[in-house]
Amino acid sequence: AEYEALKSLNHAHIVHYQYNGISNQGLYFTLMELLEGDNLGVYKTGNLRLREGEVYTMASQLLSALVYMHGQEKPLFHRDIKPENIIFDKRRGYVLIDFNIASEADNQAFAGTMPYMAPDLINSSRKVMWDASADTFALGVTIYELLAHAYPWPGGKNLPQMSKRPTDIREFNDRISDSFASFAMRAIMPRREERFATAQSMLEALEAVGLRGVLRRPKLQAAS
């Protein structure tokens, strides 16, 4: 049923699923379109950097995909958004891939990648109370890493923490504007009531910043 839901998705920034079957060895497989490009994992550390305006574009395109997914008759959550699951394709722009653990809203199975999982949605029985803010949180951590080249929470464990505030992104990137920094910080708040509850509200906040509002404006020198 979930494969059929994936196959029905038709959005420019979601990978297209074409066929699902069983191999001669009895293994399930899924055939999807071929995308030509690199995943964004190469841009979160090291010497390669994605320009701030490109991070904005990526966020805008991925949020439009999430609004579409979450708005299905049965909302569909990706559950594993991270830089490695976003590809830049020259024809399509930024595309969300790897829906292996995508699920409809009533599935509470533990799944995903811990550094990108909202800690307040994980309960003591190792189930996850999935909602739309799980995907917005994971995208928020992705945005932070691409802008900062660092993980939001200090300590080296690369795990979101309920007891500590994430490091202000401006400590790692002083080029971005206060409004874009505030957007990025709100997206990764570990408590649902403090972050974006829906992809639509996150997209509207991003559009309020605007592409021209991404970078800090240089201070004008007073005429002598």
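Student: Before we start, what should I know about the model and numbering?
Tutor: The model is predicted, so to speak with care, local features need pLDDT of at least 70 and side-chain atom pairs count only at pLDDT 80 or more, while totals for chains, interfaces and linings use all residues. Residues are numbered from 1 along each chain as its sequence is written, and side-chain values use heavy atoms, with hydrogens and water left out.

Student: How many cavities of 30 Å³ or more are there?
Tutor: The count is 1, where a cavity is a set of points, on a 1 Å grid over the protein atoms alone, at which a 1.4 Å probe fits but cannot get out. The largest cavity holds about 50 Å³ of space, a volume being the space filled by probe spheres set on the points, which are joined across faces, edges and corners.

Student: Which residues are closest to its centre?
Tutor: Of the 12 residues lining the largest cavity, those are R79, Y116, M117, A134 and A138, and lining residues have an atom within 4 Å of a point.

Student: Is R79 buried or exposed?
Tutor: R79 is buried, at a relative accessible area of 8%, where buried means under 20% with a 1.4 Å probe and protein chains only.

Student: Switching topic, how are the rings of Y56 and F180 arranged?
Tutor: Their centres are 6.3 Å apart and their planes at 55 degrees, so the pair is tilted; rings of Phe, Tyr and Trp (its six-membered ring) pair if their centres lie within 6.5 Å, with planes under 30 degrees apart stacked, over 60 edge-to-face and the rest tilted. Both Y56 and F180 are buried.

Methods:
On a 1 Å grid over the protein atoms alone, a cavity is a set of points where a 1.4 Å probe fits but cannot get out, and a pocket is an open set with protein on both sides within 12 Å along at least five of seven lines; lining residues have an atom within 4 Å of a point. Buried means under 20% relative accessible area, exposed over 50%, partly exposed in between (1.4 Å probe, protein chains only).
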